Amino acid sequence: MNLGPYCNGAETLLHGEFGAYPSKGARYALSLTRTELHIQRLVPKPETDQRTVVPLAEVVGCHTLRSRAPADQSAYFSVYAYPLKKRKVAVGSGRARQRAARTFQVDGAQDYEKNQAVAEKWAVAIKCLVLDIPVSSETEIIPSLLPHTRRLLLLLNPFGGRGLALQWCQTYVLPMITEADISFNLIQTERPNHARELVKGICLAEWDGIIAISGDGLLYEVLNGLMERPDWEEAIKMPVGILPCGSGNALAGAINCNAGLEQALGVELLQNCALLLCHATVSPLDLVAVTTASGTRSFSCLSVAWGFISDVDIESEKYRHMGAARFTLGTLVRLASLHTYRGRLSYLPAAEAVAHRPISRSITMAPNGRLPLQHLPLHRALSDMGLCEERHAFRGTEPAPVACPSPGSPSPSSASALPSPSFSFEPLAGLSPASGADKGQGGGPPDELLVPLEQPVPGSWVTVEDDFVLVLAIYQTHLGADLFTAPFAHFDDGLVHLCFVKAGISRAALIRLFLAMEKGSHFEQECPYLTHVPVRAFRLEPLTRKGILTVDGERVEYGPIQGQVHRGLANLITGINCLRIATS
Ligand SMILES: Nc1ncnc2c1ncn2[C@@H]1O[C@H](COP(=O)(O)OP(=O)(O)OP(=O)(O)O)[C@@H](O)[C@H]1O
């Protein structure tokens with residue numbers, strides 16, 4: 001049965017009839033389109049026209065193999081997919097991805113070389129599609145279409161979340177990325193700021209990406225380590241990624257959502273992100289340069305929070321063993337003693353109108369003012385099926401060794417040391433500024449929209465002085481993996497989504513907002529106390545003496561803080577284009 005040249009209306013790139021492994025006499029017709037692998041059993045003939053369709057969005061790689069039996073002139077190729085399945089034992093959502101490998105026998109020719117060439121062609125085509133490399137039926141499918149083996153630096157915080165990062169990485173991540181032909185070096189961080197120091201010392205040319213296996217805090221360290229390098233302009237272009245093993249996992253939630261996948265937590269979210277990592281697509285990522293009262297400047301990719309949200313985040317640290325549930329408990333505890341905070345919030349509204357639902361309500365605005373790292377050998381899940389790996393297809397594609405440039409002389413820092421404000425706040429025991437020790441080593445683009453914190457904001461800014469329950473400057477869709485807080489945000493929209501809730505809101509209304517936030521429908525409640533304004537820059541001046549401020553979920557010194565967005569400064573590995581994703 002010939003399914004080509006079109007399969008369900010899509011162009012067939014490859015078509016062939018193959019045996020299977022283990023054999024059992026079955027034969028299959030395979031058709032490859034840009035988005036799917038169609039598998040039709042021919043022998044024994046099925047009673048109905050039943051086809052198995054493998055969405056390439058669920059495929060991580062394809063390997064060619066050879067039989068250990070010398071008489072066998074067949075070549076084989078295995079396709080590795082990770083479809084989403086309902087789990088027998090309900091954990092979290094009750095869904096998880098299960099490895100599904102299919103091995104086909106290419107036996108059309110008498111000699112192995114010809115069969116191997118066909119197997120290799122299929123493997124190359126499938127890998128190109130997984131990596132979003134354009135292929136059409138006119139393309140000559142040859143190994144040189146493929147990029148060199150990706151080399152990822154995996155940084156794992158063994159104490160992130162519930163402390164399961166290493167176990168989860170070994171169980172769910174390493175097998176998958178091995179099948180995706182990703183070469184990696186896995187380093188466990190030993191202390192806070194270890195990841196930051198590591199990325200400051202690496203030779204950029206040796207890596208294709210840096211992946212944080214933990215919560216958002218570790219990625220914050222990676223981004224700031226890159227920005228603190230003398231070559232920050234080049235360094236910050238290094239694709240970064242996240243494999244969520246923390247408790248909040250906001251960025252992972254945003255990546256999952258961007259791919260069109262159903263909201264997920266725990267292992268399901270980790271597997272989704274690992275699958276997306278195998279698909280390699282990179283998106284520009286906005287960073288917000290945040291300056292605190294002591295003049296410390298750091299780069300944030302998620303949020304600045306004050307009030308209810310930062311209180312819950314930091315106060316729930318003691319429930320860390322509970323994983324994501326720590327926030328639910330923390331929320332209930334905080335709701336019981338709901339605080340309000342007086343503050344002055346100033347912002348520069350975004351010039352363009354942002355097309356989404358009406359947002360601003362009940363707003364009281366007053367215009368005014370080296371570490372050279374040895375590569376581990378490419379890890380491989382070798383078949384235990386009596387087949388061995390055929391690596392010819394990928395030989396000769398390794399990059400030539402590169403010389404590591406020695407660190408250059410530091411470029412002048414634009415992080416101006418701002419004097420402390422005239423009023424002071426209670427010192428926080430044991431808390432040091434987020435990057436105070438490193439101040440001045442790196443650079444980063446100038447914050448041309450900001451004036452020093454001790455000067456009044458420019459006249460084009462808007463200022464609101466009020467009692468707030470919370471102030472949140474968020475730049476991604478998610479505040480946590482299951483908190484769809486800014487549904488209108490995009491990785492590189494060049495916007496800070498300033499959200500605040502003013503005092504006066506009832507506890508019940510606040511709970512309703514947070515419950516609705518799971519689905520991202522909280523703005524539909526038209527709560528008069530909730531305001532959202534898309535801005536380019538903001539300043540928050542707490543007027544209440546005690547409080548908690550967080551940047552990307554990490555506590556920073558309490559006091560005036562301001563930030564400006566730098567559009568698409570970093571690169572984030574986001575994986576599959578959402579139009580191609582399949583949810584089963
Ligand atoms: N080996 C380590 N020991 C102690 N702290 C570490 C270690 N490695 C990293 N850290 C620090 O742990 C902090 C929290 O880590 P991370 O944010 O990755 O996990 P999390 O807090 O569980 O996750 P989330 O931010 O999603 O809640 C980071 O700021 C990092 O500096």
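Helices here are DSSP runs of H or I with at least four residues, strands are runs of E with at least two, and both are numbered from the N terminus. Residues are numbered from 1 along each chain as its sequence is written. The model is a predicted one, so local features need pLDDT of at least 70 and side-chain atom pairs count only at pLDDT 80 or more, while totals for chains, interfaces and linings use all residues.

As for confidence, pLDDT is the predictor's confidence in each residue, from 0 to 100. The protein chain averages 83, and 80% of the residues score at least 70. Over residues 352-441, though, the pLDDT is below 50. Where pLDDT is low, the predicted coordinates should not be read in detail. For the complex, the predictor gives an ipTM of 0.96 and a pTM of 0.84.

Now to helix packing. Helix H2 (residues 165-179) packs on helix H7 (residues 266-279) at about 25 degrees, with axes 9 Å apart; axes are lines fitted to C-alpha atoms, for helices over the stretch in contact, and angles run from 0 to 180 degrees between N-to-C directions. That makes H2 roughly parallel to H7 (angles under 35 degrees count as roughly parallel, over 145 as roughly antiparallel, 65 to 115 as roughly perpendicular and the rest as oblique). By class, their contact has 11 nonpolar, 1 polar and no charged residues. Ala, Val, Leu, Ile, Met, Phe, Trp, Tyr, Cys and Pro count as nonpolar, Asp, Glu, Lys and Arg as charged, and the others, Gly among them, as polar.

Helix H8 (residues 308-315) and helix H9 (residues 325-336) also have axes 9 Å apart, at an angle of about 125 degrees. That makes H8 oblique to H9. By class, this contact has 4 nonpolar, 2 polar and 3 charged residues.

Most residues other than glycine have a negative phi, and most peptide bonds are trans. A cis bond joins Tyr21 and Pro22, with omega about -5 degrees, and Pro22 sits in the loop between strands E3 (14-21) and E4 (27-32). Val43 to Pro44 is cis too, with omega near -10 degrees. Asn249 has a positive phi, near 55 degrees.

Conventions: Contact = placed C-beta atoms within 7 Å.
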